[in-house]
Amino acid sequence: MAESSTAAPEATQHLPEAEETEAELINAQVDDLILKADELEKKVIEVVNFYEKKQGGVNAKGTSLPIKDKASATSHSTNAVNNSASTSNNKPPAEGAHKDAACSKRMQDLMRQFGTMLRQITTHKWAWPFLQPVDVEGLGLHDYYEIIKKPMDIGTIQNRMEGKDEVNRYKNVREIYADVRLVFKNAMRYNDETNDVHVMAKTLLEKFEEKWLQLLPKVIEEETRQKEEEAQVSANIMIAQEASISRLARETDNELCELSLRLKELRQMAIESCRKMTSEEKRKLGTGLSNLSPEDLNKALEIIAQDNPKFQYTAEEVDLDMDAQSELTLWRLKFFVREAHERQTRNNNNNNNSATKGDDASKRKREICDALAKSAKKRGKKQSP
């Protein structure tokens, strides 16, 4: 596709002045096709990456995009998914909002039940040491923070449950359960087993665990239900994404077919616009081909085979008749040969420059070594009696 799109400007660059308008028209169409091809390439990459990610693979090799293009592709994908979500998912948005509200209501109900259970603990006659933060300075507990890394008290827990602490607000019942256990575990860790506070904390923890076991089945049921709903939401999102990508793939395939058709039309226009190459130009072209490197010569023969499928360019001996080639092929060959020779000249110059730099460095190194040797010889003569 790329070679076909570059053939047109090559041919039109050598049109007579009277046909400059036609040449400009062809060049404009080529520029338009190049932009279109770039857009289609991004879409193809997006489709390929989606299915590779779905299959657990990695992103396609050689399909990296500049940051700007990646942002554009991501934005396109997001918009497409959003546009298709309402059609791919049979459930209306109102139903999803209703499910979220129901889930929130169930969780709030569990928290209320947990709050009732916690109040039963706090009304116990031994609960008073744990209702407020430990007065570390007042009690002279200088090593408290060395032993207790995360202090906790029931008063702080209740504030979070009531929403007074927006930053550390609890998201679910298990978070509250963990903090209540932490209150009593901290007291048991800091105070030895013979201490009254240790005994009080241990007793209240046992009572709390008994009550928690009564609530736990409801907690597990709600957690399971939430996981199932989250899995369903993820599945719906994937269905919407796949529907969007599938539609994008179909649209891209149609656009690629249209682009291919336009390339064929443009190629035919370029052929009709090519002036005939003179015999002298063909002779110089043949000489240029014979001076190509084996790799470039194979590429040149491939150009010929593209326009002439019967041409056996892989044979050991190739008989090339310049007069039998189309004007488009001849012009493509001419510009390919010129570019190959220019590239070879640049490489040779770079090699020569590198060699010159290497020789200069070696010469400088020898001069330094000679100077050092002479200095050492002079010092030796001065030191001798």
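Start by selecting Phe 114, Tyr 177, Phe 208 and Trp 212, which together form one aromatic cluster. Here, rings of Phe, Tyr and Trp (its six-membered ring) pair if their centres lie within 6.5 Å; planes under 30 degrees apart count as stacked, over 60 as edge-to-face and the rest as tilted.

Before going on, note that this is a predicted model, where local features need pLDDT of at least 70, side-chain atom pairs count only at pLDDT 80 or more, and totals for chains, interfaces and linings use all residues. Residues are numbered from 1 along each chain as its sequence is written, and side-chain values use heavy atoms, leaving out hydrogens and water.

The ring-pairing rule gives 9 aromatic pairs. Zoom in on Phe 114 and Trp 212: their ring centres are 6.0 Å apart and their planes sit at 75°, so this pair is edge-to-face. Phe 114 belongs to helix H4 (residues 93-122) and Trp 212 to helix H8, 98 residues apart. Helices are DSSP runs of H or I with at least four residues, numbered from the N terminus. Both residues, Phe 114 and Trp 212, are buried, meaning under 20% relative accessible area (1.4 Å probe, protein chains only).

Next, select Tyr 177 and Phe 208. Their ring centres are 5.6 Å apart with planes at 20°, so they are stacked.

Finally, select His 198, also in helix H8 (residues 196-273). Is His 198 buried or exposed? His 198 is buried, with a relative accessible area of 9%. Its side chain reaches the backbone oxygen of Asn 191 at 2.8 Å and that of Met 188 at 3.0 Å.

Technical notes: Helices (H or I, at least four residues) and strands (E, at least two) are DSSP runs, numbered from the N terminus. Buried means under 20% relative accessible area, exposed over 50%, partly exposed in between (1.4 Å probe, protein chains only). A polar contact is a pair of N or O atoms within 3.5 Å; within protein, one must be able to donate a hydrogen and the other to accept it, and residues adjacent in sequence count only if both atoms are side-chain atoms.
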